[in-house]
Amino acid sequence: MLLLAAACGRAPEVPAGSGPAAAGGRDAGTRGDGIGGNRAEAGPSVTVSGDEREAVVGVWSPPPVELPADADLAEWRARADAALAEGRLFEDGNAAIPLYLALRRADPDDRASQRGLQRAGARVVAEARAAVAALDTDDAGLARAEELVAVARALRPDDAAVPALQRRVESARRLSALNRAGEEDLRAGRLGEQGNGALAYFRDALVIRADDPRALQGRAAVESAAIGRAEQAAAALEFATAAHWLDSAQAVREDDAGAVADARARIAAARAARIAALRDAALHDLVRPDGLRDARGRLAAMLEIAEPGDAVAAQLRERIDLATHYGAFRPGQVFTDALANGSRGPQMVVVPHGAFRMGALDTEPGAADPEKPAHYVRFDRGFAMSLTEVTVAEFGRFVAAAGARPRATRRGNSIVYDERSGNFARRSGADWRSAYDGRPAAPGDPVLHVSVRDAEAYAAWLSAETGRYYRLPSEAEFEYALRAGNDGRFPWGDAGVPPEGSGNFAGGNDVSPSGRTWNNAFVGFGDGYWGPAPAGRFSANAWGLHDLSGNVSEWVADCWHASYRRAPADGAAWFNPGCRSRVVRGGVWSGSPAQTRSAWRAPMDSDMTSARVGFRLVRGI
């Protein structure tokens with residue numbers, strides 16, 4: 001009895017952790033947790049070992065066939081011929097080739113068996129060729145093709161067609177292993193890109209065969225998985241992660257970006273919708289008196305998902321900054337409040353928040369000790385200030401509505417300018433209705449002959465009428481608004497003569513009705529007025545305010561202090577309850593150049609009324 005060992009060799013599987021070398025010798029022990037990422041973990045259960053030239057087709061040995069010593073060889077030959085006719089070529093001991101080989105060993109001179117073996121070998125080669133050709137569209141028959149090529153190599157080692165078939169089978173075997181490894185990584189969520197993960201396997205497979213349907217489908221699946229992860233990240237509002245996965249998907253196959261472009265558009269729309277929703281909610285928060293904190297929280301959430309430089313985020317940040325410093329207003333905005341009877345209050349302009357150096361430096365010409373030391377004051381919030389001094393008409397509306405009797409009216413006199421003497425003197429009958437010289441004032445003139453308490457009474461009435469808080473400006477607010485960002489000696493800078501049209505100041509070219517001129521004035525300057533001009537007649541300063549630096553001096557809320565030592569740094573009024581001496585600020589139509597400086601200040605009794613002093617108001621915002 002002849003015993004022939006049978007083994008149809010397969011490509012051996014290597015232990016997990018060894019990597020495929022079919023297209024670059026990559027270490028499969030490092031797997032990507034995503035396209036472009038790495039993590040160490042066990043490799044797939046199916047891998048490829050060796051380089052591309054290593055044979056993966058095994059050695060075929062025929063199944064054992066036992067011929068009895070007295071066997072009828074013709075009968076056994078008939079069996080072999082029948083098996084060949086039926087297509088049973090090599091699978092077991094009853095197949096044609098094992099039988100022909102056994103007959104040859106029993107009788108080496110048996111020509112009939114030799115011819116049968118040749119026909120069977122030719123049949124194996126033909127079937128191997130067909131099986132290999134079928135692998136171009138379907139690798140399901142890979143095992144059969146390997147068996148056929150192994151048998152053909154054993155039977156016909158000198159046939160030139162057999163090595164070519166062997167190479168094609170080996171290539172198909174590597175292609176299948178790479179695709180299988182890629183599919184396992186794909187199922188495990190290891191997409192990979194930089195030499196690891198599913199994408200690397202599919203790319204290696206496409207190096208072997210550029211149009212392999214299985215590898216192409218796997219590569220497309222990697223792209224879809226990356227897009228899916230991008231959309232999951234976007235759903236969780238992790239748009240930076242979504243962008244990473246979109247870029248990874250784009251890198252899978254740069255020649256076909258349609259799906260990635262569509263996903264980008266969807267995610268961009270989702271991001272824009274979320275940003276718009278946060279903006280709308282934040283703007284709604286800003287309407288509420290206590291909503292600023294919530295609005296800031298929504299801005300923070302927006303900045304986490306917005307791209308750098310996002311216009312909507314920048315606009316919301318600006319709006320929140322405005323709300324922080326100006327409430328519902330903007331710097332430079334001009335507005336009026338409605339009074340109870342439907343008329344309007346004085347025009348107000350929003351002064352920007354900020355900081356400035358208040359007072360005079362030791363080196364400033366003409367500076368006095370009460371203007372020192374110079375110190376910095378910061379306004380964390382803007383405020384609104386009257387565009388002009390309060391006018392006769394505006395104050396008269398208060399007197400009529402409130403039935404008020406201002407100080408000069410009750411006292412029956414005030415200090416006016418006397419043209420005959422060129423001095424200021426007390427005159428009977430002068431009150432808020434009077435001009436600087438005691439004659440009736442025009443409705444648009446700044447109101448004069450009012451005490452600081454009259455001014456405060458007007459502010460309280462206006463607050464009650466409008467439901468808003470009006471008050472006299474603090475001394476710091478007045479100087480801050482007067483300077484309007486200019487730290488020069490004068491409100492317009494350091495020039496010794498005011499710019500033309502900048503205000504009503506005592507100028508050397510000014511002439512009184514009787515021909516008088518000033519002894520101490522700006523040389524070469526004239527503004528066309530001897531007394532106060534109508535409110536707002538001259539140009540506004542950089543912040544839209546008129547007449548702060550000239551026309552009439554104005555009451556402020558502070559009590560008089562002989563210096564700025566221990567003065568508030570936040571711009572609040574420095575007020576001591578019960579104080580009698582208050583502060584007036586700002587140049588006046590009759591003041592000397594030294595009294596027109598930005599830092600100039602003077603004390604005045606709170607009951608004093610004069611042709612030189614009026615007032616304006618500040619409103620909180």
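Me: Strands pair if DSSP finds at least two bridges between them, so in which sense do E12 and E13 pair?

Reply: Strands of a sheet pair through backbone hydrogen bonds, either parallel or antiparallel. Here strand E12 (residues 581-585) pairs with E13 in the antiparallel sense, over five bridges. Strands (E, at least two residues) and helices (H or I, at least four) are DSSP runs, numbered from the N terminus. Bear in mind that this is a predicted model, where local features need pLDDT of at least 70, side-chain atom pairs count only at pLDDT 80 or more, and totals for chains, interfaces and linings use all residues. Residues are numbered from 1 along each chain as its sequence is written, and side-chain values use heavy atoms, leaving out hydrogens and water.

Me: In what order do the four strands of the open sheet run?

Reply: The order is E13-E12-E11-E14, with mixed pairing. E13 (601-605) and E14 (613-614) each have a single partner strand, so they are the edges, with one side of each lacking a neighbour in the sheet.

Me: At what angle do helices H4 and H5 pack?

Reply: Axes are lines fitted to C-alpha atoms over the stretch in contact, with angles from 0 to 180 degrees between N-to-C directions. H4 (residues 142-155) and H5 (residues 161-187) pack at about 150°, axes 10 Å apart. That makes the two helices roughly antiparallel (over 145 degrees).

Me: Which residues of H4 and H5 meet?

Reply: With contact meaning heavy atoms within 4.5 Å, the H4 residues include Leu142, Ala145 and Val149, and those of H5 include Val162, Leu165 and Val169.

Definitions and conventions: Pairing = 2+ DSSP bridges. Parallel < 35°, antiparallel > 145°, perpendicular 65-115°, else oblique.
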